[in-house]
Amino acid sequence: MITFTTALVLLVLGYVVYGAFVERVFGVDTSRKTPCYTMADGVDYTPMPTWKVYLIQFLNIAGTGPIFGAILGILYGPAAYLWIVFGCIFGGAVHDYLSGMISLRKNGASLPEVVGDELGAGIRLVMRVFSLILMVLVGTVFVTTPAGLLASMTGDWGAWGSALFWSVVIFVYYVLATLLPIDTLIGRIYPLFGVALLFMAVGVLVGIFTHDGWMPEITSAFESHHPDKNLSIFPMLFITIACGAISGFHATQSPMMARCMKNEKLGRRVFYGAMITEGVVALIWAAAAIKFAGSYEALAELMSPSGKSNPAIVVNAICQDWMGTAGAVLAILGVVAAPITSGDTAFRCARLIASDFLHYRQDTILRRLMISLPLFVIAAVLMNINFDILWRYFAWFNQTLSIFTSWAVTVWLARKGKTFYVTLFPALFMTAVCTTYILVAPEGFGLSYVLGCAVGGGVAALLLGMFMKWYLQFKKTRV
């Protein structure tokens, strides 16, 4: 309990102290007009209240990642606490804040355009393809996840309670959320989703402090406790817990809120603050899962009755036991709301990315439908693929995207003469993580662990050398 409580305090201090430092590094200009005024179109560029912008950003980035990922991640031991706290403060929140603020300075430009401006035309093309693939994957997995949860709650409704029925309902909602102006549907329904999600988090937090159970402390954080002894902390933990620590998906969402934010001074509250909030949610669920189960082995058995890991079982059991029937219903709705509020904006973001690089105006609903229709068709086809396979590739795509973003932000900071190490170190670390993972993971190349780590470290060192060579040459041209 001491480690968990300390971790919560550190996340709050991270926002107050390091968040303020990163804000100074960026250099906020409160007199600069933001895109919601300079490019107002009533569809995507529209000023919104700060509380609503923050809440939408939080719900956009949350998904089931900080819940399911944290439950799976705590199997590795209290190292999960360390990754959530330090990954969030020094990695994810910095990644989200700076990418969002740079987009703001570039009139709400989509992530591929931001990255392409800094890393070149070739990387811009890669990012366009990479980002669209990730958005469609996110939209697809976040149809099946909430549909399955809702089906488990309404199974006695007959055909009306089937996973297929709820998939159709959620997909129709995604179509409307993608095509309608942002303040017509998303701006109105998100406060309701937000209440459910925050109620769930607070209820589970109270349960952690009021129920008996065992929780690991920091002294056992430096070895893997995963029941599957083949899974090591590095790099597996850092892929398992993405949302709640650092996630490339977040940077694809930030431009949507950059187009609705009224002043640059609000950036830390919206971007850095939303990520810290997500870290708190992840920390709560990691702690709740292990305390409720009582041991790593018991937790693994609880979520795998059929041999496949299903964290939703743990969520349902905790809510039922700690919060009663009424509280459990609201809590489960919070878990359902989380993926829906990432899936809808994933498709909307995909529309914006495609329209940006095609230079195709989005002023009419027909034009928005022309861009969106192919994306919906692809997602409908992907829904027939095994969910476990989709999720594994989504996780790797997600973390790899954070590498591109972190390197692009590092170059932007260096060009501006700012303190670029705030993103350089996270970029190097995630480069090593993602490279090692794809080399050693069964869904990757399945190479030996030692070789994978060596190559991962080598790739990170190579990119560091390339960056420093570019930076020294860049400094010479400025003299």
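User: Helix α4, residues 65-73: how many of its residues are buried?
Analyst: In this predicted model, 8 of the 9 residues of α4 are buried, so the helix is largely enclosed by the rest of the structure.

User: Which residues of α4 are the buried ones?
Analyst: They are G65, P66, I67, F68, G69, A70, I71 and G73.

User: Moving on to α3 and α12. At what angle do their axes cross?
Analyst: The axes of α3 (residues 50-62) and α12 (residues 267-293) cross at roughly 45° and come within 9 Å. The two helices are therefore oblique to each other.

User: Left-handed or right-handed crossing?
Analyst: The crossing of α3 and α12 is right-handed.

User: Which residues make that contact?
Analyst: From α3 there are T50, V53, Y54, Q57, F58, I61 and A62. From α12 there are R269, V270, F271, G273, A274, M275, T277, E278 and V281.

User: And how do the residues of the α3 contact with α12 divide into nonpolar, polar and charged?
Analyst: 10 are nonpolar, 4 are polar and 2 are charged.

User: Is Q253 buried or exposed?
Analyst: Q253 has 0% relative accessibility, so Q253 counts as buried.

User: New topic, aromatics. How many aromatic pairs does a search of the whole structure find?
Analyst: The search finds 32 aromatic pairs. One of them is F171 with F347: the ring centres are 6.2 Å apart and the planes are at 75°, so the pair is edge-to-face.

User: Where do F171 and F347 lie?
Analyst: F171 lies in α8 (residues 163-179) and F347 in α14 (residues 311-358), so the pair ties together parts that are 176 residues apart in sequence.

User: Buried or exposed, F171 and F347?
Analyst: F171 counts as buried at 17% relative accessibility. F347 is buried too, with a relative accessible area of 1%.

User: What about W407 and F467, how are those rings arranged?
Analyst: Their centres are 6.0 Å apart and their planes are at 50°, so the pair is tilted. W407 lies in α16 (residues 387-415) and F467 in α18 (residues 449-478), so parts 60 residues apart in sequence are tied together.

User: Are W407 and F467 buried or exposed?
Analyst: W407 counts as buried at 9% relative accessibility, and F467 is buried with a relative accessible area of 5%.

User: Which residues are in the cluster that ring pairs link with W407?
Analyst: The cluster holds W407, F420, F467, W470, Y471 and F474.

User: Back to α8 for a moment. What is the C-alpha separation of V175 and D344?
Analyst: V175 is found in α8. The C-alpha atoms of V175 and D344 are separated by 7.8 Å, and the two residues are 169 apart along the chain. V175 counts as partly exposed, at 23% relative accessibility.

User: Last one, α17 and α18. What are the crossing angle and handedness?
Analyst: The axes of α17 (residues 421-440) and α18 come within 8 Å and cross at roughly 145°. The crossing is right-handed.

User: Which residues meet in that contact?
Analyst: In α17 they are L424, L428, T431, A432, T435, T436, L439 and V440. In α18 they are Y449, G452, C453, V455, G456, V459, A460, L463, L464 and F467. The residues of this contact divide into 13 nonpolar, 5 polar and no charged.

Note on methods:
Residues are numbered from 1 along each chain as its sequence is written. This is a predicted model: local features need pLDDT of at least 70, side-chain atom pairs count only at pLDDT 80 or more; totals for chains, interfaces and linings use all residues. Side-chain values use heavy atoms; hydrogens and water are left out. Axes are lines fitted to C-alpha atoms, for helices over the stretch in contact, and angles run from 0 to 180 degrees between N-to-C directions. Helices (H or I, at least four residues) and strands (E, at least two) are DSSP runs, numbered from the N terminus. Angles under 35 degrees count as roughly parallel, over 145 as roughly antiparallel, 65 to 115 as roughly perpendicular and the rest as oblique. A crossing is left-handed if the near helix is turned anticlockwise from the far one by less than a right angle, and right-handed if clockwise. Contact means heavy atoms within 4.5 Å. Ala, Val, Leu, Ile, Met, Phe, Trp, Tyr, Cys and Pro count as nonpolar, Asp, Glu, Lys and Arg as charged, and the others, Gly among them, as polar. Rings of Phe, Tyr and Trp (its six-membered ring) pair if their centres lie within 6.5 Å; planes under 30 degrees apart count as stacked, over 60 as edge-to-face and the rest as tilted. Buried means under 20% relative accessible area, exposed over 50%, partly exposed in between (1.4 Å probe, protein chains only).
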